[in-house]
Amino acid sequence: MFEKGTRGNTLHGILLIALFSFAAFYIAEIPFVKKLSFSPLIVGIILGMLYANSLRNKLPETWVPGIKFCTKQILRAGIVLYGFRLTLTQVVEVGLPAIVIDSVIVVGTIFLGIWFGRVLKMDKDTSLMTATGSAICGAAAVLGAEPVVKCESHKTAIAVSTVVIFGTISMFLYPIMYRIGMLDGLSNMEVAIYTGSTLHEVAHVAGAGNAMDPTDTLGIAGTATITKMIRVMMLAPVLVVMGLALSSRGGKYGSKGKITVPWFAFGFIGVICVNSLLQYLFAVDSVKDIPLNGAIEYIDTFMLTMAMTALGTDTSIDKFKKAGAKPFVLALMLYVWLVVGGYLLVKYFVPALL
């Protein structure tokens with residue numbers, strides 16, 4: 001890829017994606033886009049898809065390896081650095097109720113996604129990617145699963161699209177439900193756990209939490225975010241189990257009996273442990289108070305935006321048409337499970353765990 005003679009063309013492909021990513025960061029700061037809580041990652045994949053359906057055919061084929069580099073190596077490095085957003089202290093702060101509910105939601109959503117996918121006679125990779133995004137942390141989870149599932153880029157983009165659509169709906173729906181009294185059956189802590197354990201993206205949780213509790217005087221916004229972060233931590237063990245399960249199939253997943261281990265998942269866990277140690281050494285209350293944490297998070301977001309943008313450049317309308325409506329039907333079914341099933345789980349199980 002970076003051999004002498006091809007290095008320049010590869011770098012051109014990477015630079016192209018980097019320029020799109022800079023544009024995504026700028027667009028994400030526009031007030032209207034910011035109100036929708038569209039992160040640079042989401043804006044990036046939209047820009048990539050717009051490019052794929054307009055000027056993509058004019059891209060020199062020699063630049064493609066650079067784009068592939070963004071969807072593989074940069075993606076995995078970004079997932080590892082994502083661990084700097086989390087610490088083990090966050091788990092302790094919320095405790096057992098959030099851990100149990102998050103675990104049930106993650107496992108239940110993945111298994112339901114696989115089962116619903118079979119009922120709908122869907123492509124296995126698409127159903128698994130869609131379920132993973134709904135179960136854990138939206139686009140970041142889909143990106144994390146992509147190297148393990150080894151699916152085509154357009155399937156990854158479709159899974160991300162379903163997360164964006166239903167996650168955005170939830171971000172507006174949950175505050176409305178809270179204001180009109182539909183969540184009166186839950187305590188403030190239970191509302192927070194419900195929000196953090198069922199919304200798709202971290203940005204969606206932050207948006208909904210702040211809408212319900214702008215100053216965090218009720219503890220909803222903060223607890224919801226921490227609950228969501230615990231769910232994010234589950235990405236690593238899920239990817240390891242997924243790699244073990246898929247390796248038994250052979251084919252593109254590897255030889256039967258040969259385990260495909262997503263080593264970047266262990267890097268993700270290792271970074272969380274390092275970050276926890278740094279929090280202790282610097283004696284700070286928040287992960288954001290750790291020196292250089294803000295800079296690392298910015299770099300990580302840019303790397304993930306590059307990965308999302310690169311995936312988008314390989315996603316044309318024709319591929320969406322080929323996939324049909326089934327991925328969105330599956331995402332809707334999982335969405336109903338998250339909204340209704342999540343509410344019932346929190347209402348009847350959290351009091352017993354407190």
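User: If a disulfide is a pair of cysteine sulfur atoms within 2.5 Å, how many disulfides does the structure hold?

Analyst: The structure holds zero disulfides. Please keep in mind that this is a predicted model, in which local features need pLDDT of at least 70 and side-chain atom pairs count only at pLDDT 80 or more, while totals for chains, interfaces and linings use all residues. Residues are numbered from 1 along each chain as its sequence is written, and side-chain values use heavy atoms, with hydrogens and water left out.

User: Changing topic: what stands out about the phi of lysine 150?

Analyst: Its phi is near 60°, which is a positive value in a residue other than glycine. For background, most residues other than glycine have a negative phi. Lysine 150 sits in the loop between helix H8 (139–149) and helix H9 (153–179), where helices are DSSP runs of H or I with at least four residues, numbered from the N terminus. Its relative accessible area is 35%, so lysine 150 is partly exposed.

User: Is leucine 292 buried or exposed?

Analyst: Leucine 292 counts as exposed, because its relative accessibility is 64%. This leucine lies in the loop between helix H14 (263–282) and helix H15 (293–312), and it too has a positive phi, of about 70°, although it is not a glycine.

User: Now for the inside: how many residues of helix H10 are buried?

Analyst: Helix H10 covers residues 188–198 and is mostly covered, with nine of its 11 residues buried. Among them are Glu190, Tyr194 and Gly196.

User: What do those buried residues pack against?

Analyst: The buried residues of H10 pack against H9 and H17, and also against helix H6 (96–119), helix H11 (202–212) and helix H12 (220–233). Contact here means heavy atoms within 4.5 Å.

User: Which residues touch the most other members of the largest nonpolar core?

Analyst: Those are Ile136, Leu143, Val149, Val232, Met242, Phe268 and Met308, out of 58 residues in that core (a nonpolar core is a set of buried Ala, Val, Leu, Ile, Met, Phe, Trp, Tyr and Cys residues joined through side-chain atoms within 4.5 Å). H8 gives the most to this core, with eight residues. There is also a second, separate core of 26 residues, including Ile105, Met177, Val205 and Leu345.

User: And what does valine 232 touch?

Analyst: Not counting residues up to four places away in sequence, valine 232 touches Tyr82, Leu86, Ile136, Cys137, Val202 and Phe268.

Methods:
Disulfide = S-S within 2.5 Å. Helix = DSSP H or I, 4+ residues; strand = E, 2+ residues; numbered from the N terminus. Buried < 20%, exposed > 50% of the residue type's maximum accessible area, 1.4 Å probe, protein only.
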